[in-house]
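Grab a pencil and work through these exercises with the sequence and the model side by side. Try each task yourself before you read its solution.

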Amino acid sequence: MQIDAPAPSSRAWGDPLALLLASTGEGVFGIDLDGLCVFINHAGARMIGFEPDELLGRNMHDLTHHSHADGAHYPVDDCPIFKAFLEGLPCRIDTEVFWRRDGSSFPVEYSSHPIIDSGEVRGAVVTFVDITERKRAADALQRAKDELEERVGERTLALATALKQVRELAARSEAVREEERTRIAREVHDELGSLLVALKMDVNWLDKRLSEQEQRTLEAAGDMRERMRSKCQNMSRLIENAVDNVGRIITDLRPSILDHQGLWAALEWQAQEFVQSAEMSLNWCMDVDDVPDPPEPLAMGVFRIFQEMLSNVGRHAHARRLDVRIVVQAGVLTLAVQDDGVGAPAQAFEAADAYGVMGMRERARHFGGDIQITSAPGQGTLMRLSIELPHQMSRGTLG
């Protein structure tokens, strides 16, 4: 009987194990109980810088697993590969390195499976793969995660700080309002109250004297009329004082000039009132020709910011001269207040208790504006408000 020769395709599959070892991208080698290499595929030998024939019969631990990543000696007794097959248990490790022939190392993931024959361990098969790119990607991901956590932490801290400042500012604003209420109540009580009491006493005096007038002689009645006329003149002066006090209190609460003559006139009036009271000289420059007054909420906001700027000068600057410049250019209002006082470090205006500055900035931000402060010890202070006016307003230009 004639036996046909195997077809060419059958011969190509003659050694499936050799084909498998040659085709895989992972390194695969076998070791005996002494750790000597029994076989290794081309991919594994190439990864550690050898040819397969050079590794047969050599101790694989001494060649490629002798040290930790930091260069410290790696005793064979601690090696998971050998511990695994000596105990007859598989292992999988991805936290170590293998060493190349040239002395360089690479992160590796390896697994060791014991070879058991007739119930006895004869050695192990080790598969390994270079995970440099995986580690690089994992490290990049971890760095990105750490950076994100750091930024989140910074934002959280910033938000917590901002929230604390807002709460402190709100508490300070409430305290200022309460102080203002107390001051107004005291003025009403001390000044208006005393004036009204005096007027009441004078009216009672007049009422009593008028009721007695018929009982007097003509000469005594004439004298009493002169006294009552003098009393009425005194009452008129008391009423004038009361009217002045009411007007002053109303002006403190909301200057009438703001309603009657507009923001630009109110700013100049406030500056003149301030320098007169503080005994300072004023250099006033305002270029807002043909620019209408801003709408009421914005006008009041700008006016209150200007008042706080002047208040800061009065409380802290010890200045002799004040420069105020107000211009509208390209639809943006710029209000600058500069003094020649003692100045302060920049951090003083960022302090947690700088409630006046915080209040000005919050009020400016509410209208989309910004406040810049430039100061240094001995060089005075410049406070500048920049705020965009509504588009429907005319746009002024610098002179």
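Before we start, one term: a residue is buried when its relative accessible area is under 20%, exposed when it is over 50%, and partly exposed in between (1.4 Å probe, protein chains only). Heads up, this is a predicted model, where local features need pLDDT of at least 70 and side-chain atom pairs count only at pLDDT 80 or more, while totals for chains, interfaces and linings use all residues. Residues are numbered from 1 along each chain as its sequence is written, and side-chain values use heavy atoms, leaving out hydrogens and water.

**Exercise 1.** Work out how strand β1 is enclosed and which strands it pairs with.

Step 1: find the strand. Helices (H or I, at least four residues) and strands (E, at least two) are DSSP runs, numbered from the N terminus. β1 covers residues 27-32, and five of its six residues are buried, so the rest of the structure largely encloses it.

Step 2: look for partners. Two strands pair if DSSP finds at least two bridges between them. β1 has six bridges to strand β5 (residues 120-130), and the two run antiparallel. Three bridges link β1 to strand β2 (residues 37-40), also in an antiparallel way.

Step 3: zoom in on Ile31. Ala124 stands opposite Ile31 in β5, and Cys37 is the bridge partner of Ile31 in β2.

Step 4: check the turn. β1 and β2 make a hairpin with four residues between them, and Gly35 in that turn has a positive phi of about 80°.

**Exercise 2.** Find out how many disulfides there are in the whole structure.

Step 1: recall the rule. A disulfide is a pair of cysteine sulfur atoms within 2.5 Å.

Step 2: search. The whole structure turns up zero disulfides. Take Cys79: the nearest cysteine sulfur belongs to Cys91 and is 7.7 Å away.

Step 3: check accessibility. Cys79 is buried at 0% relative accessibility, whereas Cys232 is partly exposed at 41%.

**Exercise 3.** Classify the ring pair of Phe98 and Tyr110 as stacked, tilted or edge-to-face.

Step 1: know what to look at. A pair of aromatic rings is described by the distance of the centres and the angle of the planes. Rings of Phe, Tyr and Trp (its six-membered ring) pair if their centres lie within 6.5 Å; planes under 30 degrees apart are stacked, over 60 edge-to-face and the rest tilted.

Step 2: apply it. The rule gives four aromatic pairs. For Phe98 and Tyr110, the centres are 5.5 Å apart and the planes sit at 20°, so this pair is stacked.

Step 3: Phe98 is in strand β3 (residues 91-99) and Tyr110 in strand β4 (residues 105-117), so the pair ties together parts 12 residues apart in sequence. Phe98 is buried at 1% relative accessibility, and Tyr110 is buried at 1% too.

Step 4: widen the view. Phe29, Phe98, Phe106, Tyr110 and Phe128 form one aromatic cluster.
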